[in-house]
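Subject: Structure handover

Hello,

Please find the structure below, followed by notes on what was found in it.

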Amino acid sequence: MCGINGVILADSTASCSAELYEGLGLLQHRGQDAAGIITCGQKGRLYQCKGNGMVRDVFESSQLLSLQGSMGVGHVRYPTAGTSSNAEAQPFYVNSPYGIVFAHNGNLTNSKDLRNFLDHEAHRHVNTESDSELLLNIFADHLNKTGKFRVNEDDIFTALQGVYSQCKGGYACIGMIAGFGLVAFRDPNGIRPLIYGERTTAHGKDYMMASESVVLEALGFTNFTDVAPGQAVIITKNGVTKKHCVTGLAFTPDIFEFVYFARPDSIMDGVSVYKARLAMGEALATAVRRKLGENMDVDVVIPVPDTSRSSALQVSYKLNILYREGFIKNRYIGRTFIMPGQTLRKKSVRRKLNPMTMEFAGKNVLIVDDSIVRGTTSGEIIQMAREAGAKKVYFASCSPPIRYPNVYGIDMPTRQELVAWNRTDEEVAEFIGADCVIYQDLDDMIQSVAKFNPEISQFDVSVFNGCYITGDIDEKYLNELESSRNDAAKSQQAPVARDVIGLHNNFQQS
């Protein structure tokens, strides 16, 4: 899972690096492995700074000042494919044709075929294991077929139609063509999110694209528009041009964005994430009442901060049970779900959360979390509650049991690493140490989001039911994916280049 943004300012003498930096900071929750910015200045010259680390660690003021130009693209990364090398920090760049910069959020499901095509037919060198570099080179190959000295919007749309015909999976992308403008496009099913907005200035209109609306709102942009499934949007200094390159497929945004990944103050595909989580809480309260009965012995409802707070509040309200903050969060620890490696995730839970004994001692507690994935975090949280004196610990999940891998850009690849795989609810409760586990009903969760936008009737819920909307996922694919992406395989990956090949990189690793 990654966060991307791009900006083009009306004032060609202005610098956009500060706004890209601020935007990436607002998207930090989507990726904490690496960050990068590439800008385009006078004469189409490109300037780059990217490397491993949080946004605040990768960019210093001197580096931001060196990123010249009024147009640029930014990226924060958590790797679902490839490695954590500096060389795989995005945005990526190819010099031919025209100088293309590329930031990608998502995952391709036919990477092996694309890599073979680029090697044997397109004769384009791919330097990393990242599927983002594959996507960039497929786009570059199709754009190169124009054979023109300079391209226009129609040429780009034609090239993107070729990209759509070759690339399968879930993806949202922002590209920049040196001296020309920004290009944004979204997969035909709209699995990964992408939005853009405008801002009126004395020089004309500025435009920004991002994974979430909170970035645009915080930086003063308005008139938000979601990039539609299969749609491409080109923004130059002359304005915005849009085209649907693929039509007729089901619109299925990933519901896990609303459950966990997105910020609550974002609006995605016309749905407030905050309102969706409140609705999930109401539905979860019904599930709790159904499981524990009307005369349940719960004394207090406690959320796992931060994502589940909205839902836990509604659970408390609907059940008429006291709500309390029982865990205090250390905000300087990253999100444990997206941390690489089970051992690191487990250690980080106790560093991240500290229980308040007064809220647990002698009480039967209902802990509410957004999901139960590997069970690592949930088990540690339950153990902390018991150590703080809780008599009984009930654990409620705002999402249904996660039993299948995500192949569209979220790192839960291995069925054997998912706690609900081949386990009943009772067996999950025993595994994580809870007195009882209550899961959200799948239909209730879907309705909790869908009711806010009648134009969305389906969602990607493949992690819950194993149905993959792109239609190209079979048991062989899942087995190959799991053998390459489980924690053991990641720890044995071959070393890759430490340095970034291509543009001069201003990042200085301490």
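Ser130 caps the N-terminal end of α5, with a side-chain oxygen 3.1 Å from the backbone nitrogen of Ser132. For reference, a polar contact is a pair of N or O atoms within 3.5 Å; within protein, one must be able to donate a hydrogen and the other to accept it, and residues adjacent in sequence count only if both atoms are side-chain atoms.

The model is predicted, so local features need pLDDT of at least 70 and side-chain atom pairs count only at pLDDT 80 or more, while totals for chains, interfaces and linings use all residues. Residues are numbered from 1 along each chain as its sequence is written, and side-chain values use heavy atoms, with hydrogens and water left out.

Helices
Helices (H or I, at least four residues) and strands (E, at least two) are DSSP runs, numbered from the N terminus. Helix α5 covers residues 131-144, and its end C-alpha atoms are 20 Å apart. This agrees with the 20 Å that its 14 residues should span at 1.5 Å a residue, the expected span being 1.5 Å times one less than the number of residues. Of those 14 residues, 13 are buried (under 20% relative accessible area; exposed is over 50%, partly exposed in between, with a 1.4 Å probe and protein chains only).

Ser61 belongs to helix α3 (residues 61-66). Its relative accessibility is 58%, so Ser61 counts as exposed. Between Ser61 and Val304 there are 243 residues in sequence and 35 Å in space, C-alpha to C-alpha.

The axes of α9 (residues 273-292) and α15 (residues 442-450) come within 8 Å and cross at roughly 155 degrees. That makes the two helices, α9 and α15, roughly antiparallel (over 145 degrees; under 35 is roughly parallel, 65 to 115 roughly perpendicular and the rest oblique). Axes are lines fitted to C-alpha atoms, for helices over the stretch in contact, and angles run from 0 to 180 degrees between N-to-C directions.

Seven-stranded sheet
Seven strands form an open sheet with antiparallel pairing, in the order β3-β2-β4-β1-β10-β9-β11; two strands pair if DSSP finds at least two bridges between them. At the edges, β3 (46-52) and β11 (222-226) each pair on one side only. Neighbouring strands of this sheet are turned by 10 degrees against each other on average, direction ignored. Within the sheet, β1 (residues 2-8) pairs with β10 (residues 204-210) over four bridges in the antiparallel sense, and Asn5 has Ala210 of β10 as its bridge partner.

Six-stranded sheet
The other open sheet to report has six strands in the order β5-β6-β7-β8-β12-β13, and its pairing is antiparallel. Its edge strands, each pairing on one side only, are β5 (92-94) and β13 (239-244).

Strand β8 (residues 181-186) is joined to β7 (residues 169-177) by six bridges, and the two run antiparallel. Ala172 is partnered by Arg186 of β8, and Ile174 by Ala184. The hairpin of β7 and β8 has three residues between the strands, and there Gly179 takes a positive phi near 75 degrees. Strand β8 is also joined to β12 (residues 231-236), by four bridges and again antiparallel; here Ala184 stands opposite Val233. As for cover, six of the six residues of β8 are buried.

Regards
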